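Please examine the sequence and the structure shown below. The paragraphs after them give a guided explanation.

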Amino acid sequence: MAEVSRETSGNDEHFETATEVLNRIFGNSSSGVGGELAQSHLAQDKLDKTDFPKPARTRLIAVANQKGGVGKTTTAVNLAAAWAEAGMSVLFIDMDPQGNASSAFGIQHAVGTPSVYDAIEKRIALQDAVQKCADFDDLDVVPSTLALSGTELEIADLDDRWFLLRDALNAYLEASPKHYDYVVIDCPPSIGLLVLNALTAVHEVLIPVQTQYYAIEGLSQLLDSIQKVQDSMNPHLIISAMLATMYDRRTILSKEVYDQVAQHYPEVVLQTVIPSAVKLAEAPSHGETVITYDPKGIGAVSYREAALEIAKRSDKVLKMLEN
């Protein structure tokens with residue numbers, strides 16, 4: 001880390017790091033920009049010294065919330081990027097016709113590009129749509145295209161319409177010589193056939209929860225939908241994590257919403273929260289995740305902390321899935 005200041009004691013010279021300077025100025029303060037910045041640097045220093053544990057077997061996770069604007073895609077791409085950065089092998093599947101996740105990874109996703117749409121429609125095998133992410137050596141991406149928006153109508157009459165992604169993904173994972181630690185699927189903000197395909201293809205759901213009042217109302221609807229999938233299509237599906245997003249430490253509302261969700265779902269709510277941060281919104285427009293766009297910023301550090309917390313829960317989650 002860069003040396004930014006100098007203190008002298010006798011004949012000894014000590015160059016302070018940025019973290020030391022911030023901590024000296026702001027101390028243990030958690031309020032204000034300076035306090036958050038100091039905490040962010042301390043957290044990053046700790047992360048730099050921490051090894052991410054690899055799961056004993058592949059974890060398949062859908063990031064879902066039928067409410068838009070809750071940080072769903074931001075969460076999906078940055079968790080995947082954080083795991084890849086930490087040395088995990090990650091397969092990312094973009095199931096949102098908007099293709100925002102594909103854009104964040106700098107992946108080609110113009111109409112006509114081999115994509116998850118073609119795999120679901122059984123025109124190609126899933127492996128034929130896989131692209132390498134240039135920013136991370138071990139992150140593979142299956143892009144979405146706008147053509148995916150018509151899929152629900154096109155597959156509505158098929159007998160296996162709920163399981164098209166599951167079958168394509170299982171065939172790929174069984175045939176691939178590459179072992180993936182994580183498979184992450186970004187879902188569109190709805191509860192339609194695309195989301196149901198994602199929920200039948202995975203073992204876990206991660207739910208981003210915006211720390212605002214209306215997010216709690218939408219959460220109950222999502223949980224009802226997940227319950228129906230568990231009952232009729234995927235009995236092995238569990239909700240493994242809820243992640244508070246757009247958290248504003250300056251407001252009482254954010255804390256109240258987080259506390260309410262944590263009170264009702266204490267086993268799955270992550271301790272890590274994702275703050276509101278301008279860089280999180282800027283990064284996709286540059287074809288990057290915040291992990292590469294602003295690696296020392298509070299958004300990147302928070303997603304790394306969330307990724308580590310999820311990784312540390314792997315043994316517990318995989319044991320639950322065995323029951």
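The text below moves from the chain as a whole to its cores, its aromatic pairs and its salt bridges.

This is a predicted model, in which local features need pLDDT of at least 70 and side-chain atom pairs count only at pLDDT 80 or more, whereas totals for chains, interfaces and linings use all residues. Residues are numbered from 1 along each chain as its sequence is written, and side-chain values use heavy atoms, with hydrogens and water left out.

Of its 323 residues, 51% count as buried. Buried means under 20% relative accessible area, exposed means over 50%, and partly exposed lies in between (1.4 Å probe, protein chains only). The chain exposes about 15100 Å², of which carbon and sulfur atoms supply 50%; such areas come from the Shrake-Rupley method with a 1.4 Å probe, and for residues only the protein chains shown count as cover. Among contacts (heavy atoms within 4.5 Å) between residues at least 6 apart in sequence, 74% join residues at least 24 apart.

In soluble globular proteins, nonpolar side chains tend to be buried together. A nonpolar core is a set of buried Ala, Val, Leu, Ile, Met, Phe, Trp, Tyr and Cys residues joined through side-chain atoms within 4.5 Å. The largest nonpolar core here has 53 residues, and those with the most contacts inside it are Ile93, Ile185, Ile207 and Met242. Helix H8 (residues 193-201) gives the most to this core, with seven residues. Apart from this core lies another, of 43 residues, which includes Trp83, Met88, Val184 and Ala300.

Why is H8 described as largely enclosed by the rest of the structure? Nine of the nine residues of H8 are buried, so the helix is largely enclosed. The cover over its buried residues includes E3, helix H6 (151-155), helix H7 (164-175), strand E7 (182-186), strand E8 (204-210) and helix H9 (213-232).

The structure also holds four aromatic pairs. Rings of Phe, Tyr and Trp (its six-membered ring) pair if their centres lie within 6.5 Å; planes under 30 degrees apart count as stacked, over 60 as edge-to-face and the rest as tilted. The rings of Trp83 and Tyr182 are stacked, because their centres are 3.9 Å apart and their planes are at 5°. This pair links distant parts of the chain, with Trp83 in helix H3 and Tyr182 in strand E7, 99 residues apart. Both Trp83 and Tyr182 are buried. Phe92 and Phe105 form an edge-to-face pair, with 5.0 Å from centre to centre and 70° between the planes. Phe92 counts as buried at 0% relative accessibility, and Phe105 at 2%.

Charged side chains provide further links. A salt bridge is a side-chain nitrogen of Lys or Arg within 4 Å of a carboxyl oxygen of Asp or Glu, and the structure holds 18 salt bridges. In one of them, Glu322 meets Arg57, the closest N and O atoms being 3.4 Å apart. Glu322 lies in helix H14 (residues 314-322) and Arg57 in the loop between helix H2 (32-48) and strand E3 (59-63), so the pair ties together parts that are 265 residues apart in sequence. Glu322 is exposed, with a relative accessible area of 56%, while Arg57 is partly exposed, at 35%. Asp96 and Lys72 form another salt bridge, with the closest N and O atoms 3.9 Å apart, and both residues are buried.

Technical notes
Helix = DSSP H or I, 4+ residues; strand = E, 2+ residues; numbered from the N terminus.
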